[in-house]
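Dear colleague,

Please find below the structure that I am handing over to you. My notes on it follow.

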Amino acid sequence: MSLSPELPNLDLEVFREPNLQRLLPSERATHAPRILLLYGSVRERSYSRLLTEEAARLLRKMGAETRIFDPRGLPLPDGAPEDHPKVKELRDLAQWAEGMVWCSPERHGAMTGIMKSQIDWIPLSVGSVRPTQGKTLAVMEVSGGSQSFNAVNQLRVLGRWMRMITIPNQSSVAKAFLEFDESGRMKPSPYYERVVDVMEELIKFTLLTRDCAEYLVDRYSERRESAEALSKRVNLRSI
């Protein structure tokens with residue numbers, strides 16, 4: 001079957017043939033990968049926080065610079081102005097980061113509202129800048145019962161929506177109350193080894209993509225839009 005080469009609907013002024021050299025920059029960043037970690041509970045002994053802290057230790061051992069956001073005091077989405085100190089802190093960290101780790105407890109078969117609120121406060125667009133676009137993401141969850149993947153699956157959906165590069169591996173820690181000692185450190189186990197695997201993979205993907213992230217997520221459809229039209233389309237205030 002012979003296909004016509006004509007593409008009458010294609011705007012040739014903004015069409016770009018993918019270029020391998022754009023994916024292989026000659027100059028690479030040399031600073032430590034910047035990783036932001038979010039967790040989804042404010043309990044005094046929060047297992048999602050303990051797992052997040054364990055992940056941060058591993059990331060630092062692997063050469064990363066890490067920041068952990070404390071969700072205590074963060075207002076509900078749209079429940080405070082955007083210049084609220086906790087909102088500003090979270091948004092500044094999202095722009096600083098080159099990759100993220102999201103870790104939520106599973107509650108009623110889903111991520112927690114605390115986890116979702118943090119993600120909802122990170123805008124899809126600030127002017128012409130997308131704070132999460134092209135950045136890497138690892139997802140983890142803890143549960144009080146048998147192993148489940150509901151929360152990590154939901155976090156993956158959100159990561160895709162935020163246009164992040166979500167790595168293939170993930171961590172789900174069952175019966176988390178058995179996996180940490182009295183001092184809050186994770187015990188040796190296959191669950192711990194999986195966390196090591198996930199953080200290792202996150203660093204590899206971050207190193208691989210951070211220098212070409214802007215090109216990776218550059219889209220034909222958005223090149224056809226003005227910045228103003230794009231901002232209106234992704235602005236949640238319009239719904």
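Ser-41 is located in the loop that joins strand 1 (34-39) to helix 2 (47-61); helices (H or I, at least four residues) and strands (E, at least two) are DSSP runs, numbered from the N terminus. The model is predicted, so local features need pLDDT of at least 70 and side-chain atom pairs count only at pLDDT 80 or more, while totals for chains, interfaces and linings use all residues. Residues are numbered from 1 along each chain as its sequence is written, and side-chain values use heavy atoms, with hydrogens and water left out.

With a relative accessible area of 6%, Ser-41 is buried (under 20% relative accessible area, 1.4 Å probe, protein chains only). A polar atom of its side chain lies 3.2 Å from the backbone nitrogen of Arg-43. Leaving aside residues up to four places away in sequence, Ser-41 touches Ser-46, Ser-48, Pro-71, Pro-105 and Ile-114 (heavy atoms within 4.5 Å).

**The chain as a whole**

The protein chain has nine helices and six strands. Its C-alpha atoms fill a box of roughly 65 × 40 × 40 Å along the principal axes. Of its 239 residues, 44% count as buried. Among contacts with a separation of 6 or more, 77% are between residues 24 or more positions apart. The protein chain exposes about 13600 Å², of which carbon and sulfur atoms supply 52% (Shrake-Rupley method, 1.4 Å probe).

With kind regards

Notes
Buried means under 20% relative accessible area, exposed over 50%, partly exposed in between (1.4 Å probe, protein chains only). A polar contact is a pair of N or O atoms within 3.5 Å; within protein, one must be able to donate a hydrogen and the other to accept it, and residues adjacent in sequence count only if both atoms are side-chain atoms.
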